[in-house]
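I opened the model to look up how its chains meet. My entries follow.

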There are 2 protein chains.
Amino acid sequence: VISELVAQALEGRPRAVAQLISRVESGSPDLPEIAALLAPHTGRAQVVGLTGSPGVGKSTTTSALVTALRAEGKRVGVLAIDPSSPFSGGALLGDRSMATRGHLGGLAWATPQALRVLDAAGCDVVLVETVGVGQSEIDVVSMADTTLVLLAPGMGDGVQAAKAGILEIADVFVVNKADRDGAAQTVRDLRYMMSLGSRHDAWTPPIHKTVAARGEGIDAVAKAIEEHRTWLAASGEGARRRRRRAEAEIEAIALEKVRVRISGLGADADRVVTGDLDPYAAADEALRRTMEP
Amino acid sequence: VISELVAQALEGRPRAVAQLISRVESGSPDLPEIAALLAPHTGRAQVVGLTGSPGVGKSTTTSALVTALRAEGKRVGVLAIDPSSPFSGGALLGDRSMATRGHLGGLAWATPQALRVLDAAGCDVVLVETVGVGQSEIDVVSMADTTLVLLAPGMGDGVQAAKAGILEIADVFVVNKADRDGAAQTVRDLRYMMSLGSRHDAWTPPIHKTVAARGEGIDAVAKAIEEHRTWLAASGEGARRRRRRAEAEIEAIALEKVRVRISGLGADADRVVTGDLDPYAAADEALRRTMEP
């Protein structure tokens, strides 16, 4: 029944895609089987991460980009990641006329698997949007082929971006709400900060002004995404990013497996609390137990 | 030589404490030996986490608290955790007249070990202050016996706190910069939000107004920390938190060990990228390799 579900998802059927994403989210025991069936059909989609402070308009920009990319004949998937809810209420999915949309909790291993589902289902582009801030932002960047950093005028975002080290990981800058005062200044701040920094690759991140709520400037962003895809392929950087992503993905799955196996540490923890056992010795014991057949 | 260093640290000698923290930070191969020697001397210190948005005055409040707690005859240690620098420039340590101070990167396993060093060295209280925001805030809370949530007037922090779920984890609220407009409103907002929420324990977090830069209100916070310690002991919640912390610590060490052992995933990653191998099968293979003698 899994192989049938996967076959339907490979044809791009939204219901099957939704069901697979839902299984991924819930940590279904079928995951290894699903992953094995999907594997030969993956590796085509461009994963585009959207990151930025709350209030810059990530959701609006995502929606506008979906419209723009679909107008170019592309199949688009959307994943929203909410790190504050480790488990979400399940994958949401529209009909064929809408982008495939999933909503995931902040689980390190779930997002790459959901990406694989959308990739195998024939998406040309998967937009990954984070809700909230923090570690998940960084995780999303590590999973993306192309990272969009969103800013808005007058939020002191330039400084925030520099602080968070986000300048180094942006492939495309989007200054949204560009009809507000200070948009030109935000662009100047960004240019200045970029002139100070040193990127290690040959790509110079373009800066685009948008008013996503009215769709303004979105086509140019869509074009920049496409240009970055071309550059990724030509420069070899795309292959490097995919390899790094696969390494991180394998590692996350392996660690999650170990985490599940070593659960039930209560008795060891009690001995650590009383000082009878040190945590390193306890960790060794716990790992030894997981290796027993 | 390690046993001598630990013996000196147990006497509270700052140089030895600094050297041990530095070894912890750098992931020294001596860590298991250090942990084993420290274990019988741990479990006494009250770990107090300070969390809050950038700009609320965490460092200033930490310094003021050090002064106030020392005036009560307590030995105080301070750990500053900067998640944006995975490795810091080493532990900083003042002379005996100053609080023991360490500066750690955002490594999940390093902070608990540095806490153990300060605990075994005879600290009554260890203040753990995060630099920046994000996941590390949550990690600090999970390690603390007592969590101080800092806010400042007019920063919209009340709403931020509610969003981040920080209301549920605060043991003491500190409204710092209380000489600014809006301090009373911030306190009212907090009271209102607390009236909506449901804490699962019998402790009602007090709200204290401070001007940390002038030391105002700090004694009351120090007293609240002491009262929370008494409550932790009397209610049994302290024992529960320590057990949970030890579990998390053992798990983090075990996972870090596995992570190091399975490194070198390049060849597997290449096969995942091309679709020859799915990431679950790759994870199984990687784990199998680590179990070989």
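I took buried area as the accessible area (1.4 Å probe) that two parts lose on being put together, summed over both. On that basis about 4,100 Å² is buried between chain A and chain B, and carbon and sulfur atoms give 72% of this area. I looked up which residues of chain A lose the most area to chain B: they are Ile250(A), Pro279(A) and Tyr280(A), together 17% of what that side buries.

I noted that this is a predicted model, where local features need pLDDT of at least 70, side-chain atom pairs count only at pLDDT 80 or more, and totals for chains, interfaces and linings use all residues. Residues are numbered from 1 along each chain as its sequence is written, chains are lettered from A and ligands numbered from 1 in the order in which they are written, and side-chain values use heavy atoms, with hydrogens and water left out.

Next I looked up contacts (heavy atoms within 4.5 Å). I found 44 residues of chain A in contact with 44 residues of chain B. The copies meet through the same surface, because 100% of the interface residues of chain A are also interface residues in chain B.

I then searched the interface for salt bridges (a side-chain nitrogen of Lys or Arg within 4 Å of a carboxyl oxygen of Asp or Glu). The rule finds 4 across chain A and chain B. I also looked up the pair Asp284(A) and Lys257(B), whose side chains form a salt bridge at 2.9 Å, N to O.

Last, I superposed the copies by least squares on the C-alpha atoms of residues with pLDDT of at least 70 in both. A rotation of 180° with 0.0 Å of shift along its axis brings chain A onto chain B, RMSD 0.0 Å. I recorded this as the relation of a two-fold axis.
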